[in-house]
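This briefing sets out selected features of one protein model, grouped by topic. The sequence and the structure are shown first.

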Amino acid sequence: MAETETPQIYLITPAAFEPDAFAPILARILDVTLVACLRLALADTDADALARAADACREIAHARDVPLVIERHAGLVERLGLDGVHLTDAARSVRATRKALGADAIIGAGCGTSRHDGMNAGEIGADYISFGPVGETGLGEAELAPRDLFAWWSEVIELPVVAEGGLDPALVESFAPVTDFFAIGPEIWRTEDPLKALLALTAPLR
C-alpha cells in the first residue's frame, strides 16, 4: 500500500517529439532512474507518426523491462506490440477495452478529480486509476485533485492510484504517503536537462 512503500515513477512522453532525437534522452533517463511504466502520449493522431514513436520507445523500454502503454489509442496496442493503454475518458470505455485487449493488457483510467469515476473504472477492469492535476499546470483547470482524495483512496481502495499534473517537489513530498505512482512528463520536458529535472522533482522520494 502507498502508506508503507515509496511511490514509483510513471514517465509520460512529450506530446510531440522526433523519435531519433528523443530515443537517447529516454534511454539515458531509464538507465539512471527506476521507472515503473512509460506512457506514449502523442498529441498527433497520425497512425504512421504514432507507429514510429511507439517503435522507438518500445525498443528502449522493453530492453529495460519497462512496460509501454499508449494514451487513448487502444486499437493500436496489439498492432504496435505495446503492453496496454491509458484511457482518458474515466470509466466509459474500460469494459470494452478490457474485452478487446484481454486479461494481460495494462489498462489505466484517467479519472480527473472524480472518486466516483475512479471506483467505477476499477470495478469494471482498470489496473490503475489516475487522478489529476494535483497542481497548477497553466491550462486553467477548474479543479485540482486534492490530497484528501488520494488519502481516502489509499485507505479504502486496493487498486493502485497515480498522481499527475502540475507536480513540483513540495507536492511530491506531500502526496508521497498517499499515492502509489507519480506520473511525470510535462514538468521535465520543458527544461534543458530532463534527467536533471526529474531527479530534482523526485528528490523527496529518496
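Asp-31 counts as exposed, because its relative accessibility is 53%. The model is a predicted one. Asp-31 belongs to the outward-turned face of helix α1, and its side chain meets that of Arg-64 in a salt bridge.

**The Asp-31 to Arg-64 salt bridge**

- Between the side chains of Asp-31 and Arg-64, the N to O distance is 2.6 Å.
- Asp-31 is part of helix α1, whereas Arg-64 sits in the loop between α2 and β3 (68–71), so this pair ties together parts that are 33 residues apart in sequence.
- Arg-64 has a relative accessibility of 29% and therefore counts as partly exposed.

**Helix α1**

- Helix α1 covers residues 19–32, which makes 14 residues.
- From its first C-alpha to its last, α1 reaches 20 Å, close to the 20 Å expected at 1.5 Å a residue.
- Its buried residues are Pro-19, Phe-22, Leu-26, Ala-27, Ile-29 and Leu-30.
- Viewed down the axis of α1, these buried residues fall within an arc of 165 degrees, so they line one face of the helix.
- The elements that cover the buried residues of α1 include the strands β1 (8–12) and β2 (35–40), and also the helices α2 (47–63), α7 (186–189) and α8 (194–201).
- On the face turned away from the buried side, α1 carries the exposed residues Asp-20, Pro-24, Asp-31 and Val-32.

**Other salt bridges**

- Side chains of opposite charge can pair when their charged atoms come close.
- The count of salt bridges comes to 7.
- Within helix α2, the side chains of Arg-58 and Asp-55 meet in a salt bridge, with 3.0 Å from N to O.
- Arg-58 and Asp-55 are 3 residues apart in α2, so about one helical turn separates them.
- Arg-58 counts as partly exposed at 22% relative accessibility, and Asp-55 counts as partly exposed at 36%.
- Asp-127 forms a salt bridge with Arg-98, and their closest N and O atoms are 2.7 Å apart.
- This pair links distant parts of the chain, 29 residues apart: Asp-127 lies in the loop between α4 (115–123) and β6 (128–131), and Arg-98 lies in helix α3 (residues 94–101).
- Asp-127 is partly exposed, with a relative accessible area of 32%, whereas Arg-98 is buried, with a relative accessible area of 15%.

**Cysteines**

- A disulfide is a covalent bond between the sulfur atoms of two cysteines.
- A search of the whole structure finds 0 disulfides.
- For Cys-57, the closest cysteine sulfur is that of Cys-37; it lies 12 Å from the sulfur of Cys-57 and is therefore too far for a bond, since a disulfide requires sulfur atoms within 2.5 Å.
- Cys-57 is buried, with a relative accessible area of 0%.
- For Cys-111, the closest cysteine sulfur is also in Cys-37, and at 16 Å the two sulfurs are too far apart for a bond.
- Cys-111 has a relative accessibility of 4% and so counts as buried.

Terms used
Residues are numbered from 1 along each chain as its sequence is written. This is a predicted model: local features need pLDDT of at least 70, side-chain atom pairs count only at pLDDT 80 or more; totals for chains, interfaces and linings use all residues. Side-chain values use heavy atoms; hydrogens and water are left out. Helices (H or I, at least four residues) and strands (E, at least two) are DSSP runs, numbered from the N terminus. The expected span of a helix is 1.5 Å times one less than its number of residues. Buried means under 20% relative accessible area, exposed over 50%, partly exposed in between (1.4 Å probe, protein chains only). The arc is that of the directions from the helix axis to the C-beta atoms. Contact means heavy atoms within 4.5 Å. A salt bridge is a side-chain nitrogen of Lys or Arg within 4 Å of a carboxyl oxygen of Asp or Glu.
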